[in-house]
Amino acid sequence: MIKFIKNFRKDENGAVTVDWVVLTAAVVGLGVAAFAAVESSTSTLTTEMTSALNTADATTTIGG
């Protein structure tokens, strides 16, 4: 049994796969977090722009 445990501890097959899975999960998680941050900000901006455009006068000149 001791020999089996020592061999199991030395065996590194599959370790690279686990590393890549963890790395990929981290990248996907960061992407989701970034999307959530950008989405909430653009939602607020869209609401403010809609409000401003609805109250704008069609005869208003730029810079005047």
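The questions and answers below treat the chain as a whole and then some of its residues.

Modeller: This is a predicted model, in which local features need pLDDT of at least 70 and side-chain atom pairs count only at pLDDT 80 or more, while totals for chains, interfaces and linings use all residues. Residues are numbered from 1 along each chain as its sequence is written, and side-chain values use heavy atoms, without hydrogens and water.

Colleague: What makes up the secondary structure of the protein chain?

Modeller: The protein chain has two helices and zero strands; helices (H or I, at least four residues) and strands (E, at least two) are DSSP runs, numbered from the N terminus.

Colleague: Why is the protein chain called more spread out than a compact globule?

Modeller: The radius of gyration, taken over C-alpha atoms, is set against the globule rule, 2.2 Å times the number of residues to the power 0.38. For 64 residues the rule gives 11 Å, but the protein chain has 28 Å, well over that value, and is therefore more spread out. Its C-alpha trace spans about 85 × 20 × 10 Å along the principal axes.

Colleague: Why does Met1 count as exposed?

Modeller: Exposed means over 50% relative accessible area, buried under 20%, and partly exposed in between (1.4 Å probe, protein chains only). Met1 has 75% relative accessibility, so Met1 counts as exposed. Met1 lies in the segment before α1 (2-10).

Colleague: Why is Thr50 called partly exposed?

Modeller: Thr50, found in helix α2 (residues 15-55), has 41% relative accessibility and therefore counts as partly exposed. Buried residues make up 0% of the 64 residues in the protein chain.
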